[in-house]
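Please read the following briefing alongside the sequence and the coordinates.

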Amino acid sequence: MREAGLAPFIVGLPLLGAVVLLVFGRRIGRASGLIASGAIGLAFVLGVITFARLLGLPAEEREATQRVFDFITVGDFSTGVSLLVDQLSVVMVLVVTGVGTLIHIYSISYMAGDPRYSRFFGYLNLFAAFMLLLVLGDNLLLLYVGWEGVGLCSYLLIGFWFERPIAATAAKKAFLVNRVGDFAFMIGIFVLFVSLGTLDLLAINANAAAMGAGLSTAAGLLLFLGATGKSAQIPLYVWLPDAMEGPTPVSALIHAATMVTAGVYMVARLSPVFEASGGAALTVVGYVGALTALWAALMASAEYDIKRVLAYSTISQLGYMFLALGVGAYSAAIFHLVTHAFFKALMFLGAGAIMHVLGGEVDMRRMSGLRRAMPIVAYTFAAGVLAISGIIPFAGFFSKDAILASAWIEGNFLLWGIGTVTALLTAFYMARLYIRVFEGRLETPEGTHAHDAPALMAAALIPLGVLSVIGGVINLPGLVTLEHFLEPALGESEVPTGVLTFLLPGLALVAGAAGLFIGRRLYMGEGAEARRARLVAAGGPLVEAARNKFYVDRIYAATIVAPGRALASFCADVLDGRGIEGVVNGTATFIGRSSQSLRHLQTGYVRTYGVTFLFGVVLVFGFLLTRVVLA
Amino acid sequence: MNDLPWLDITIFIPLGGAILLGAVPKDRVGALRTGALIVAVAAFAASLGILAGFEVGEAGFQLGSSLSWISEWGIGYTTGVDGVSLWIIMLTTFLMPLAVLASWSVDKQLKPYFIFLLSLETGMLGVFSALDLFLFYVFWEAVLVPMYFLIGLWGYGRRVYAATKFFLYTLAGSLFLLLAILYLYFAAPGEPTFDYRSLLGTELAFGTQVLLFLGFFASFAVKIPLVPLHTWLPDAHTEAPTAGSVMLAAVLLKMGAYGLIRFGIPLFPDAAQALAPLIITLAVIGIVYGALIAIVQRDIKRLVAYSSVAHLGFVVLGLFVGTIQGMSGGILQMLNHGLSTGALFLLVGVLYDRRHTRLIADFGGLAKSMPVYAGVFLLVALSSLGLPGLNGFVGEFLVLLGTYETYAWWVIPATFGIVLAAIYLLWAYQRVFHGDITNEANRGLSDFNVREYAMILPVVALIVFIGVYPKPFLDRIEPSAQKLVSQLNDSSVLPEGSGVAEAP
């Protein structure tokens with residue numbers, strides 16, 4: 001029990017910060033940023049202490065729950081606000097609070113001067129609280145509460161600059177697309193409860209096998225459809241690119257490092273349910289993940305908005321994580337989740353630093369040679385690029401390699417192939433981004449003056465840069481590894497042996513290096529432009545389609561939004577307006593006409609009836625009163 | 001203290017207060033307002049006595065009294081409260097002071113206005129407390145009159161049309177109710193009586209049960225309202241003054257759902273069980289249909305009105321799926337809908353006082369001029385669309401869970417209702433609050449004043465409290481709900497071939 005004793009405070013500190021800032025924010029003013037950073041920083045410290053306490057225990061005892069109070073309890077349905085500390089949740093806590101703290105500190109500088117400064121930090125703290133609830137909740141209902149809570153904060157923060165209609169629309173889109181996923185998630189919860197009689201995560205996992213293949217497949221697919229919303233996978237990823245309208249620290253924290261990984265966490269957490277389906281659910285997870293990885297990487301390669309490139313990249317990397325889950329490599333998925341949190345947050349914050357000095361510019365075609373003006377941003381960003389491209393010894397190399405190797409070992413060469421091609425594409429679009437923005441002659445949009453990141457921003461960039469370089473050590477073969485730590489919670493994972501030990505990482509490395517090389521050929525030096533033109537000509541319709549986001553938004557608008565709106569109008573105007581109302585008013589008219597002859601008795605004024613009626617009621621009451629008094 | 005008949009005291013404080021207000025000169029605006037407020041607060045304070053005296057874990061009726069009234073006809077003044085009615089009674093007394101506070105902008109004939117408003121409260125409290133069918137019917141009809149005048153005299157726009165429609169619709173339903181009550185009265189063996197508890201367990205042929213159930217149902221379905229009997233609601237809601245809309249949505253609509261489970265199920269369990277699939281179908285249609293229509297509304301009040309059709313669909317769905325989660329969730333959802341929708345109407349009223357329009361298109365960018373108002377509105381909207389952590393989720397979740405247990409496939413369209421709710425609320429929210437201020441009239445709007453804070457903060461506090469810690473509420477509902485579920489499921493003479501739908 002003692003091991004989980006701090007958990008309520010880990011959730012409670014940012015929650016308290018949020019309440020204080022949202023209620024008294026305007027009076028607190030400038031100190032809001034410090035209060036919010038302090039709250040999440042302290043939560044991080046408590047997370048580290050909890051982690052240390054867990055390490056002090058034998059591996060199989062690293063699991064404790066702390067019940068705070070009862071939540072919804074009716075009949076045989078019983079859930080509590082109860083927090084579970086184990087290997088998986090503590091890793092998530094460290095990521096959320098660790099990366100979260102750095103992004104809070106960065107925001108103090110980034111958001112300085114915004115008229116709604118303290119509200120921003122209130123929302124940020126609120127987000128952290130819900131995210132921590134999501135990863136610490138010991139039952140599926142509480143996980144769902146956190147799940148919806150982070151969705152709300154995402155809505156609030158995407159639409160933070162609500163004066164801009166485009167931001168408000170993006171916020172609404174994010175919420176609604178996620179609601180579609182939540183609809184499935186909720187039904188998945190019902191299936192699990194009715195089949196197993198509990199929503200306790202550990203109990204679900206312990207009994208999942210008893211559900212039978214049919215129900216567990218249904219439950220797994222419903223939950224996964226929920227995950228495709230929150231974690232932006234096919235078919236529900238369309239909200240994430242638009243979500244870039246939010247302030248950039250939000251993109252870093254919510255739409256790269258933490259919230260969007262909630263689906264990965266959920267599937268990993270409930271992996272026995274997915275396994276109980278006899279492979280069907282996991283296969284879907286794996287293929288959807290792989291296809292999303294490739295699909296989004298293609299769009300990233302054709303995009304000019306720096307934040308949207310990073311957004312597509314996030315969708316793609318999340319796809320990798322689902323690919324890993326699909327082949328049963330749960331700890332590899334979590335490993336990639338952790339390293340991705342480092343390098344993707346880093347790159348978003350770098351992009352933010354650029355936008356900060358370029359007056360909000362996001363079009364990469366108007367940026368060039370920024371390395372000369374902003375070396376800290378450039379070099380930390382480069383660390384991120386190398387990490388995501390899977391170049392040894394940067395963090396992404398180890399985690400991406402673990403995923404690809406698992407696919408191979410599972411014998412799923414198709415998934416391995418898609419993953420490897422995507423690795424090449426990833427390195428390519430990242431090289432494209434980096435070279436466009438940082439290399440070449442220094443150019444900035446008119447009226448702006450590029451300078452390096454201010455101290456507080458650098459204070460976030462540098463640690464994340466370092467983690468992107470050395471983050472792989474948490475899972476270095478032969479050392480105390482993340483995989484071993486997670487094993488009791490997620491099960492054992494296979495590692496390559498023999499010649500594969502070197503061959504698989506070698507191939508992944510070659511793919512990444514090739515991508516970078518192609519990027520360099522196409523965007524740097526003599527003749528790059530000509531080569532690019534030839535490629536575009538050769539790619540033809542594919543390039544055109546990728547530039548138009550494969551028309552998916554338009555297809556959804558035509559096949560779902562427009563018919564839905566037409567149906568709503570039909571119900572309102574025709575069914576209700578002319579149909580039911582027509583009958584009602586027609587009846588009234590008919591009665592009105594046919595009672596012409598009785599008009600002397602009946603005045604036709606309802607208020608006359610009303611008064612008569614009231615009179616009657618008063619009489620009855622008077623009678624009542626006398627009876628009671630006399631009795 | 002606890003020996004006092006708090007329930008009866010609570011019922012009659014508003015009526016007594018209304019009579020006292022009659023003595024205040026009609027031009028003493030301040031005295032009338034303060035007086036009405038004091039009466040409403042006094043009734044709320046008295047109702048806390050009910051809450052304090054209510055024994056948790058008890059399924060039967062408590063805290064009531066039983067007086068003989070017209071003994072030769074078997075009519076008595078019999079009252080009582082159980083887990084079904086407790087929270088609706090508390091909701092009524094809780095909202096009335098807020099409704100009075102929302103009436104500050106009423107500028108004509110203040111005296112009759114408050115008299116009607118307060119007598120309305122006694123009527124509603126009586127409906128939820130009466131355990132004598134005759135008494136129930138008296139209160140039921142007594143509610144109609146003040147509401148008719150509140151809409152017809154103090155309403156907006158097409159108020160006379162709306163009030164007439166409301167009156168005739170409800171009256172038509174009530175006739176069937178009266179006939180059914182009288183039939184039951186004469187059909188029951190032994191000493192003729194209107195006493196609810198004596199009539200329970202009256203053996204009736206299945207066909208008779210169905211007819212009588214439908215008689216009650218006709219009246220209640222109009223009130224709830226179930227599609228297609230709902231078209232009085234958007235007009236009445238929209239044209240009523242703020243306090244009228246609040247009480248109409250929060251409390252009056254609950255009279256229908258309440259009647260179904262107080263009388264429909266216990267008096268005619270076999271009929272209720274046999275007709276449950278039909279009622280569930282209507283409820284689910286209401287959820288989807290109401291929400292779809294809400295999406296394309298241009299008037300905020302009409303939008304909220306149609307959202308009520310959808311929300312009441314959830315309530316009725318929960319009540320008839322025959323599971324404890326559904327029943328408890330449905331009963332809790334009556335309270336939740338009262339709070340969320342009541343709050344939405346209060347908020348729309350605040351806006352109407354400032355801008356004298358309710359058209360969504362007339363607004364835009366209000367989050368900038370009224371930031372606190374915008375924040376509170378969002379919170380209430382989120383509660384209405386069932387965001388976890390707020391009250392609406394608890395009820396809807398339980399209803400849907402309960403539905404899945406017995407009518408698994410129905411859960412798909414019903415759950416889709418929560419997607420639609422997000423669409424109509426957030427889209428409207430965006431058009432009213434987001435974007436730049438395009439209409440100059442919206443620029444200088446003032447945020448809440450002290451009176452408005454006092455009006456809205458108590459509701460917001462409850463919305464959050466129930467969402468985070470629903471246990472005290474559910475604990476008091478559950479025993480009575482359990483009893484109803486057994487009545488619905490263990491009916492005695494279910495004829496062959498009319499079985500309940502099996503879960504697929």
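**Two-chain predicted model**

The accessible surface of chain A comes to about 23,400 Å², with 68% of that area belonging to carbon and sulfur atoms; areas follow the Shrake-Rupley method with a 1.4 Å probe, and for residues only the protein chains shown count as cover. This is a predicted model, in which local features need pLDDT of at least 70 and side-chain atom pairs count only at pLDDT 80 or more, while totals for chains, interfaces and linings use all residues. Residues are numbered from 1 along each chain as its sequence is written, chains are lettered from A and ligands numbered from 1 in the order in which they are written, and side-chain values use heavy atoms, leaving out hydrogens and water.

**Surface and burial**
- For chain B the accessible surface is about 14,900 Å², of which carbon and sulfur atoms hold 65%.
- Of the 631 residues of chain A, 58% are buried, meaning under 20% relative accessible area (1.4 Å probe, protein chains only).
- In chain B, 68% of the 504 residues are buried.

**Fold and dimensions**
- Chain A contains 26 helices and two strands, whereas chain B contains 19 helices and two strands; these are DSSP runs, with helices (H or I) of at least four residues and strands (E) of at least two.
- The C-alpha trace of chain A spans about 100 × 60 × 55 Å along its principal axes, and that of chain B fills a box of roughly 70 × 60 × 40 Å.

**Charge**
- Chain A carries 40 positive and 37 negative side chains, the centres of the two sets lying 11 Å apart, where Lys and Arg count as positive and Asp and Glu as negative, without His or the chain ends.

How values were computed: Buried means under 20% relative accessible area, exposed over 50%, partly exposed in between (1.4 Å probe, protein chains only). The place of a charge is taken as NZ of Lys, CZ of Arg, CG of Asp or CD of Glu.
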